[in-house]
Amino acid sequence: MNCQKTFVRVAVPVPLYRLFDYAIDHIPAIGSRVQVPFGKRNLVGIVIASIDKEDLAVDPSKLKRVINILDDPCLSKELNDLAKWIASYYLVPIGMVYELILPVRLRKAEVLEPSGEKFWQLNDSAQAVSADDFGRAHAQKALFTYLQNHSMANVEQLNRDFKQWRPAMKALIEKNYVESIEKINLTEYAPQFSEDRLTLNEDQQKIVGSIKEKQFSTHLVHGVTGSGKTEVYLSIVEKLLIEPGQQALLLVPEISLTPQLVERVRQRLNKSVAVIHSAVSDAERHKAWWSALTGKVDIILGTRAAVFTAFKNLQIIIVDEEHDASFKQQDGVRYHARDVAIMRAKQHKIPIVMGSATPSFEALHNAAQNKFQLTTMRDRATGSNLPDMHLVDTSDPTERCVDGLSPSLIRQIKLRLSKQQQSILFINRRGYSPTLYCTECAWIASCPRCDARVTAHINSASGSIQSVRCHHCGYQSGGQRNNSHQNANFHVCGDCQQPAVMPLGVGTQRSEEALKRIFPNAIVTRLDRDVITTKKALENELHRIRNNEVDIILGTQMLAKGHDFPNVTLVGVLDADQGLFAVDFRGPEKLYQQLLQIGGRAGRHQRGEVYIQTQFPEHPFFEQLLAQDYAAFAEKEIQNRRILNYPPIGYMSLLRAESTFAQQGLDFLRWCRQQIVLPAGVFVSEAVPAPMEKRAGRYRAQLLMQSASRQSLHQYQHQLISCIANSKQQNNVRWSLDVDPIDLY
Ligand code: ADP
Ligand code: ZN
Ligand code: ZN
């Protein structure tokens with residue numbers, strides 16, 4: 001018997017740093033999915049290579065056989081190369097990378113082609129029939145005529161056009177005039193092209209002109225909010241998708257994936273568009289992925305994970321809001337979609353265009369080193385000016401805030417109300433108040449599971465505190481979630497038992513209450529994760545705002561990005577100081593980005609103003625902010641980081657450990673630190689507790705690794721990971737490596 005002559009090496013979706021060999025009857029293409037036995041389970045893996053008998057590590061007769069070859073192949077050479085690069089760069093098992101790349105449906109042993117939708121159509125024998133033949137069978141006659149006019153129809157169409165069609169359909173099928181077929185429905189991707197277009201200004205033309213097809217090049221567009229970056233992206237896509245079948249990938253942060261943008265892409269380009277984001281179902285994602293793979297859709301517009309879409313003929317990648325933190329995955333395989341996109345462009349030999357009003361320092365640094373081609377757009381495309389920025393000194397007694405609002409800000413809001421213009425107020429805290437404080441003994445209510453304070457939430461009807469919640473782990477006491485505490489009295493101190501607990505500080509709920517009190521005739525809307533829980537709800541609110549149905553818009557982060565509200569002329573930032581003294585070295589960068597982005601919502605079409613409340617108006621940060629010269633600010637900050645070799649000058653990784661007892665994680669990291677002799681130029685910190693050590697009941701510790709040389713740091717980590725993978729030290733801890741971390745906790 002010689003049926004075990006051929007062997008394949010397979011990447012299996014398990015967190016192990018190795019591949020597995022199987023016997024197989026015939027070798028499928030590299031990148032094919034195969035179903036293989038693994039322990040007691042059957043898993044879907046990817047064929048990485050074919051193996052000669054001599055190269056097998058074990059006796060061939062001991063090898064298990066591949067159960068089933070699912071496709072041949074599923075992943076292109078480019079995607080296989082990309083998977084290898086991710087596994088190597090982020091030091092993760094390749095099986096986990098493939099799991100990340102494949103849509104959920106294809107991680108299972110399902111066929112590559114998505115299942116179709118049912119359509120009904122007239123068959124050949126219906127040719128000989130006419131509508132008149134149905135006599136008094138009116139329903140059948142109507143349906144028959146309908147199918148003559150529409151070559152086929154699905155449930156959705158039939159439900160729309162008929163009250164009741166199923167009995168008539170059944171009769172037509174029994175008479176053998178109608179048949180049903182399965183067809184993949186791609187109509188939702190169809191373009192909604194309108195000829196309307198803008199004439200590009202000089203800056204825009206220059207960028208579009210600089211993009212050359214079919215060669216790898218990296219471009220950074222640094223354009224102020226409203227400078228016409230989106231218009232540039234669309235013109236580039238239009239320029240590069242000439243021949244039928246050519247494709248584009250457009251990546252955006254989750255939050256800016258508004259229906260407004262999707263509509264704009266559909267109308268501007270005469271191309272089919274599929275959308276991929278977190279709210280898209282597994283079936284829809286599978287369909288979009290397959291459509292791109294087979295060339296049935298021209299453009300994929302999506303968030304982070306869309307960077308893994310398989311394409312038949314990709315020509316251009318665009319990354320909008322390149323600086324946005326949502327491009328970085330914060331668990332599992334901690335990749336950065338922008339960096340993966342650059343690698344993809346390189347493999348496909350195509351251009352990539354990244355844009356932002358506030359580029360990441362990494363991108364600016366690359367531009368300074370001529371790795372990215374930089375274009376700057378300093379003016380708004382509509383001709384309106386950037387908003388004026390003002391500080392309100394809340395340490396000044398005349399500017400004393402009540403419920404987070406200073407007299408100056410209140411005056412400004414009043415002014416906008418009198419002119420029927422809208423105001424946005426930005427506050428980065430949900431709930432009523434971020435601190436519950438005992439005036440007798442200085443006790444502060446904290447989360448039992450985290451090193452963090454709990455936030456008070458009130459019942460808006462009664463105005464009293466209804467629950468306290470931890471925004472880090474989801475812990476909640478009181479409210480609906482925990483009935484036993486329904487009547488908990490949050491005014492009683494947890495320490496001295498005095499009824500002296502006061503809410504301190506301001507969250508969105510408290511400001512909303514205050515605004516409604518101060519401006520009883522104004523319509524106030526609040527946008528935060530407590531009120532806006534679905535994509536639909538967000539869409540509705542955004543629609544109401546654009547439709548001028550609200551006067552004052554109060555919100556968190558959710559409001560900051562991408563949105564275009566024509567009638568907003570005032571942006572108020574209630575508390576900028578939170579970010580001013582952040583422990584993270586990226587604190588100032590993030591704060592500047594946030595304030596410029598939120599400020600950018602003001603006066604996109606008419607003159608706008610931004611008012612920022614702070615207790616520290618003398619802080620040098622604000623001088624730089626008011627200058628609204630992001631590039632100059634970045635240059636200065638990057639100089640500061642040079643001294644410490646922080647990114648983007650040097651490279652950084654974080655080894656994290658999580659455990660039930662504080663000591664376990666620290667011990668594990670100390671052990672890690674001792675395993676490898678430090679190569680020259682690599683610096684590794686002591687094992688230390690994370691800034692928030694306890695979170696959701698688990699203790700977190702970390703080890704910071706740095707080097708001026710990416711290569712040296714990578715080699716060191718590679719050794720370290722092999723060492724950990726081959727030892728039993730990690731028994732009590734959950735560890736993870738974060739290459740190029742963007743958050744240091
Ligand atoms: P960004 O993406 O940089 O914020 P957009 O592309 O959304 O900017 O453009 C901002 C506004 O300017 C939009 O209302 C857009 O229609 C308008 N706009 C863009 N380019 C032009 C142009 N060349 N001429 C006139 N208006 C433009
Ligand atoms: Zn907590
Ligand atoms: Zn007390």
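In these legends, a donor is an N, O or S atom within 2.8 Å of the metal. Keep in mind that everything here comes from a predicted model.

View 1. Look at cysteine 441 and cysteine 496: the pair links distant parts of the chain, 55 residues apart. Cysteine 441 sits in the loop between strand 18 and strand 19, while cysteine 496 sits in the loop between strand 21 and strand 22 (501-504).

**View 2. Another set of cysteines holds the zinc ion (ligand 2).** Here the SG atoms of Cys447, Cys450, Cys470 and Cys473 do the coordinating, at 2.2 to 2.4 Å. The donor residues are spaced C-x2-C-x19-C-x2-C along the sequence. Cysteine 447, in the loop between strand 18 (435-438) and strand 19 (455-458), pairs up with cysteine 473, in the loop between strand 20 (465-469) and strand 21 (476-478). That pair links distant parts of the chain, 26 residues apart. The 4 donor atoms around the zinc ion (ligand 2) subtend angles of 105 to 115°, so this arrangement is tetrahedral. Is cysteine 447 buried or exposed? Its relative accessible area is 4%, so cysteine 447 is buried.

**View 3. Serine 406 is tucked into a loop.** Find serine 406 in the loop between strand 16 (388-393) and helix 13 (407-418). Serine 406 has 0% relative accessibility, so it counts as buried. Skip its neighbours within four places in sequence, and serine 406 is in contact with Val392, Thr394, Glu399, Arg400, Cys401 and Gln613.

**View 4. Here's the second largest pocket.** This pocket holds about 1,000 Å³ of space. It is lined by 39 residues, and the closest to its centre are Thr230, Glu231, Arg264, Asp564 and Arg604. Helix 8 (229-240) and helix 9 (259-268) each supply at least two lining residues, with helix 9 giving the largest share, 6 residues. Sorted by class, the lining has 18 polar, 15 charged and 6 nonpolar residues.

Note on methods
Residues numbered from 1 in each chain as written. Chains lettered and ligands numbered in written order. Predicted model: local features only at pLDDT ≥ 70, side-chain atom pairs only at ≥ 80, totals over all residues. Heavy atoms only, no water. Donors = N, O, S within 2.8 Å, 3.2 Å for Na, K, Ca; no water. Tetrahedral: all angles 85-135°; square planar, octahedral: opposite > 155°, others 65-115°. Helix = DSSP H or I, 4+ residues; strand = E, 2+ residues; numbered from the N terminus. Buried < 20%, exposed > 50% of the residue type's maximum accessible area, 1.4 Å probe, protein only. Contact = heavy atoms within 4.5 Å. 1 Å grid on protein atoms, 1.4 Å probe; cavity = no way out; pocket = protein on both sides within 12 Å on 5 of 7 lines; lining within 4 Å. Points joined across faces, edges and corners; volume = space filled by probe spheres on them. Nonpolar A, V, L, I, M, F, W, Y, C, P; charged D, E, K, R; others polar.
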